[in-house]
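Subject: Structure for you to look at

Hello,

Here is the structure I said I would pass on. Please open it beside this message and follow along as you read.

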Amino acid sequence: MPSSSAGFVAVLTAAAVATIGFLAYQASATVPADLGRPQAGGSASAATSKAARDGQHPEALPAGSGTGERVVYSVDADRVWLVIRGNKVQHTFKVNPSTVDPPPGTYFVTSRSKAVTGSDGTPIEHVVRFTSVDGVAIGFSAAVDGSTPVPDPTVKTGGIRESRADGNAMWQFATVGQKIVVIR
């Protein structure tokens with residue numbers, strides 16, 4: 001009798017693996033091919049020019065930084081805004097930029113990793129990727145040791161470093177498919 005139980009478990013396991021494979025294929029087949037590329041359109045064209053800023057309130061959301069729920073990243077101000085419905089800022093924070101900047105435009109979160117080693121060898125967490133530039137993956141992350149060092153300018157990196165608390169806020173907010181608007 002034990003051999004029939006083992007056979008039954010093997011059949012169930014094979015069926016589960018086949019089902020997971022089929023669902024993974026379906027999920028990958030429905031992802032838009034341009035998910036990690038800048039999008040043309042109203043919010044992207046507004047983002048390509050320098051967004052207006054309130055000089056007396058640098059934490060204020062820049063005008064012309066898109067619409068709807070989104071992450072806004074200013075490569076010139078090295079600042080991020082997590083924006084909820086009604087154009088309200090849920091959280092804003094400073095970041096240390098990577099050595100490779102994404103071009104202004106509208107992107108979408110393409111992948112996330114809870115914990116990995118960064119291209120600079122630093123253990124990082126809460127990685128939220130949204131594009132790549134010349135083969136360099138671009139995304140937000142926090143160093144596990146809490147450091148936010150300025151990257152070595154001679155090394156091409158795409159990690160936009162946040163504090164651990166800000167990285168946690170980004171991780172909670174920016175799931176796969178979340179809009180990311182990059183502005184100057």
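Which strands each supply at least two residues of the lining of the largest pocket? They are β5 (111-117), β6 (123-133), β7 (136-143) and β8 (159-162). Before going further, note that this is a predicted model.

The pocket

Among the strands, β7 gives the most to the lining of the largest pocket, namely six residues. The lining has 27 residues in total, and those nearest the centre of the pocket are Gly118, Ser119, Gly158, Gly159 and Arg161. Sorted by class, twelve of the lining residues are nonpolar, ten are polar and five are charged. The space in this pocket comes to about 390 Å³.

The sheet

Now turn to an open sheet of five strands. Read across the sheet, the order is β3-β2-β1-β9-β4, and the pairing is mixed. The edges are formed by β3 (88-94) and β4 (105-108), each of which pairs on one side only. From one strand to the next, the twist averages 20°. As background, strands of a sheet pair through backbone hydrogen bonds, and they do so either parallel or antiparallel.

Strand β2 (residues 79-84) runs antiparallel to β3, and six bridges join the two. To find this pairing on screen, look for Leu82, which stands opposite His91 in β3. The hairpin of β2 and β3 has three residues between the strands, and Gly86 there takes a positive phi near 80°.

Moving on from β4, you reach Val109, which lies in the loop between β4 and β5. Is Val109 buried or exposed? Val109 counts as buried because its relative accessibility is 0%, and the cut-off for buried is under 20%. Val109 and Val176 are 67 residues apart along the chain, yet their C-alpha atoms are separated by 4.8 Å.

Regards

Methods
Residues numbered from 1 in each chain as written. Predicted model: local features only at pLDDT ≥ 70, side-chain atom pairs only at ≥ 80, totals over all residues. Heavy atoms only, no water. Pairing = 2+ DSSP bridges. Helix = DSSP H or I, 4+ residues; strand = E, 2+ residues; numbered from the N terminus. Axes fitted to C-alpha atoms, helices over the stretch in contact; angles between N-to-C directions. 1 Å grid on protein atoms, 1.4 Å probe; cavity = no way out; pocket = protein on both sides within 12 Å on 5 of 7 lines; lining within 4 Å. Points joined across faces, edges and corners; volume = space filled by probe spheres on them. Nonpolar A, V, L, I, M, F, W, Y, C, P; charged D, E, K, R; others polar. Buried < 20%, exposed > 50% of the residue type's maximum accessible area, 1.4 Å probe, protein only.
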